[in-house]
Amino acid sequence: MIVLGIESTCDETGAAIVQDGVHILSNVVASSADLHAKYGGVFPELACRSHIDAITMVIQEAIEKACIHPSQIDLIAVAQGPGLVGALLIGMNTAKGLAISLQKPLIGVNHVEAHLYASMMGKNAPMPGLGIVLSGGHTLLLKILNLGSYEPIGTTVDDAIGEAFDKVASLLNLPYPGGPHVELLAKQGDPKAHPFSAGNVKRSPYDFSFSGLKTAVLYALQGSNWQAQDIAASFQETACRDIAKKALLASQTFPCQAIYLGGGVCNNLRLREIFVETFPSLPIYWPPAHLTLDNAAMIAGLGAQKFLNNKSLSDPLDLEVQTRISFA
Ligand code: KG4
Ligand code: ZN
């Protein structure tokens, strides 16, 4: 089965061709991140316009790179949400147009679920597992009973972890998106230089709060005698250890067989080291480098699995985008 995946939830326009849910024949991404850099975060209107400009070319390139003819596409999978409404609509309407013109079935996919699927794609994934999504828009802990069956455990009450990295980067005058720059700077710093702490949330020990940590960084910068690399290292260490600590607690609430991570922050190597230390006896599934950030291969892959698991039932052509999708 050949699936065309389309991704347009935020500032990346993606198209991919994936065979049988696991073999990536092409995976093309056009990012508008450069346009957002001077605003220090995604500017929704600019993101939407960039999707309009890029989407046809990105799809065309994905089809050419996969060396297929459009008539060979069996299914069109599109990120239905969560994301920016205008951005989602461009991917969705393009997918619908193609479904009508090629007369192929359409399936909507949860972008956050697809981030998790990226770590399982083509692998024998033991279940139940703990799913951890760490991206620019999401910080989630989930119990994964099976692909498509989830129980939410924890989330952030304020900033997403990627957003916290981006905001701290901005305080340190580093470019957007800031995560990779904070990581690079942190390599030369002392993670114990500043005694930062991440927030504990009263309502649940599995929830996250990063806004206090971000404010602590701001106060540290207003003081004297600081080194940017020490602030970056102390922030990164505190945030990553907080995630690992809460993930460990969450994994102890059920007979967890493996840890599955997804989202752009998974690129952070210090986070990976801390997870290996924290879970010495559980297999940890990381998304491969080309599937950590927003991409359409994860959408196509999950779309294929959903379609097959659901007896080839497709979605109607009046399928609506969802700016928020809950796992509950
Ligand atoms: O998954 P993604 O493309 O976005 C959403 O779906 O939201 O992730 C983007 C986020 C950005 O906030 C970026 O700063 C962060 O991932 N990121 C990192 C690293 N690489 C990307 N954060 C920390 N360390 C990194 N190496
Ligand atoms: Zn994402």
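User: Which residues are closest to ligand 1, and how many surround it?
Analyst: In this predicted model, 21 residues surround ligand 1. The closest are Gly-136, Gly-137, Asp-166, Glu-183 and Asp-294. A residue is near a molecule if one of its heavy atoms lies within 4 Å of it.

User: How are those shell residues divided into nonpolar, polar and charged?
Analyst: Five are nonpolar, 13 polar and three charged. Here Asp, Glu, Lys and Arg count as charged, Ala, Val, Leu, Ile, Met, Phe, Trp, Tyr, Cys and Pro as nonpolar, and the others, Gly among them, as polar.

User: What lies 2.6 Å from an oxygen atom of ligand 1?
Analyst: An N or O atom in the side chain of Asp-166. For Asp-294, a side-chain N or O atom is 2.9 Å from a ligand 1 oxygen. Gly-136 uses a backbone N or O atom, also with 2.9 Å to an oxygen of ligand 1.

User: New topic. Where is Pro-82?
Analyst: Pro-82 is in the loop between β4 (75-81) and α3 (85-102). Helices (H or I, at least four residues) and strands (E, at least two) are DSSP runs, numbered from the N terminus. The Gly-81 to Pro-82 peptide bond is cis, with omega near -10°.

User: Which peptide bond has omega near 0°?
Analyst: The one from Met-127 to Pro-128, which is cis. Most peptide bonds are trans.

User: What should I know about the numbering and cut-offs?
Analyst: Residues are numbered from 1 along each chain as its sequence is written, and chains are lettered from A and ligands numbered from 1 in the order written. Local features need pLDDT of at least 70, side-chain atom pairs count only at pLDDT 80 or more, totals for chains, interfaces and linings use all residues, and side-chain values use heavy atoms, leaving out hydrogens and water.

Conventions
A polar contact is a pair of N or O atoms within 3.5 Å; within protein, one must be able to donate a hydrogen and the other to accept it, and residues adjacent in sequence count only if both atoms are side-chain atoms.
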